Amino acid sequence: MLVATCTAVFAQFQSGSYGSKKANSIDQTAPDQMSSDGNFAVASFPSFTPELAEGEGRAETESFCAMCHSTRYITMQPPLPAATWETEVNKMIKTFGAPIPDASAKKIISYLETHYTPEARKQ
Ligand code: HEC
């Protein structure tokens, strides 16, 4: 009898089958169904564009700096020194051909320098 029970239990261990009715077993959820054709779907990544800081020049920044990419390119930067923002805006105009009039570019630069520098971002 004892030998028969031990053999049955050992057979179960070997087969890797631990029935849920067995004492001390941990019920686990069924594994996800595997895709049969190797195709699977993923949801789209959440895309969040934070609002730009309130202030003079925000309207120009929102319209001119969102023509080619979202304004997240501004908010996702680490706080940049004022001179870097000026270089950045000039790069958008000269290198990438952003059609931004001089007056608006000046406003945008001073807006970015007021709100997105290490000093401004500390608060
Ligand atoms: C003519 C299209 C265009 C406009 C308008 C534009 N950008 Fe860009 N911007 C680009 C391109 C192209 C890149 C580089 C793309 C990339 O790396 O994904 C870029 C990248 C950036 C980056 C990432 C750092 C870098 O230098 O690559 C920042 C910051 C940025 N832009 C800020 C601005 C700001 C501020 C404005 C408004 C003054 C602006 N952009 C307007 C085309 C533009």
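Here is a quick tour of this protein, its ligand and a handful of its residues.

The model is predicted, so keep some ground rules in mind: local features need pLDDT of at least 70, side-chain atom pairs count only at pLDDT 80 or more, and totals for chains, interfaces and linings use all residues. Residues are numbered from 1 along each chain as its sequence is written, and side-chain values use heavy atoms, with hydrogens and water left out. The protein has 6 helices and 0 strands, and its ligand takes up the space of the largest pocket.

**The overall fold**

- Reading from the N terminus, the elements go α-α-α-α-α-α; helices here are DSSP runs of H or I with at least four residues, strands are runs of E with at least two, and both are numbered from the N terminus.
- Of the 123 residues in the protein, 19% are buried (buried is under 20% relative accessible area, exposed is over 50%, and partly exposed is in between, using a 1.4 Å probe and protein chains only).
- Among contacts with a separation of 6 or more, 60% link residues 24 or more positions apart (a contact means heavy atoms within 4.5 Å).

**Around the ligand**

- The ligand's space is the largest pocket. On a 1 Å grid over the protein atoms alone, a pocket is an open set of points with protein on both sides within 12 Å along at least five of seven lines, while a cavity is a set where a 1.4 Å probe fits but cannot get out; lining residues have an atom within 4 Å of a point. A molecule sits in one of these if more than half of its atoms lie within 2 Å of its grid points.
- There are 17 residues around the ligand, and Cys65, Cys68, His69, Glu88 and Met92 come nearest (a residue is near a molecule or strand if one of its heavy atoms lies within 4 Å of it).
- By type, the shell splits into 13 nonpolar, 2 polar and 2 charged residues. Nonpolar covers Ala, Val, Leu, Ile, Met, Phe, Trp, Tyr, Cys and Pro, charged covers Asp, Glu, Lys and Arg, and the others, Gly among them, are polar.
- Helices α3 (72-75), α4 (82-94) and α5 (102-115) each bring at least two residues to the shell, and α4 gives the most, with 4 residues.

- Histidine 69 has a side-chain N or O atom 2.8 Å from a nitrogen atom of the ligand. (A polar contact is a pair of N or O atoms within 3.5 Å; within protein, one must be able to donate a hydrogen and the other to accept it, and residues adjacent in sequence count only if both atoms are side-chain atoms.)
- Tyrosine 73 puts a polar side-chain atom 2.8 Å from an oxygen atom of the ligand.
- For lysine 91, a side-chain N or O atom is 2.6 Å from a ligand oxygen atom.

**Two buried threonines in loops**

- Threonine 71 is in the loop between α2 (58-64) and α3, and it counts as buried because its relative accessibility is 9%.
- Beyond its neighbours within four places in sequence, threonine 71 has contacts that include Thr49, Pro50, Leu52 and Cys65.
- Threonine 117 belongs to the loop between α5 and α6 (118-121); its relative accessible area is 4%, so it is buried.
- Although 35 residues separate threonine 117 from alanine 82 along the chain, their C-alpha atoms are 6.1 Å apart.
- Leaving out neighbours within four places in sequence, threonine 117 also touches Pro79, Leu80, Pro81, Ala82, Trp85 and Leu112.

**Arginine 58**

- Arginine 58 is part of helix α2 and is buried, because its relative accessibility is 16%.
- Its side chain reaches the backbone oxygen of leucine 52 at 3.2 Å and makes a polar contact of 3.4 Å with the side chain of glutamate 54.
- Setting aside neighbours within four places in sequence, arginine 58 is in contact with Glu51, Leu52, Ala53 and Tyr111.

**Two partly exposed residues**

- Proline 81 is in the loop between α3 and α4, and at 43% relative accessibility it is partly exposed.
- Arginine 121 lies in helix α6 and is partly exposed at 29% relative accessibility.
- From arginine 121 to proline 78 is 43 residues in sequence and 9.3 Å in space, C-alpha to C-alpha.
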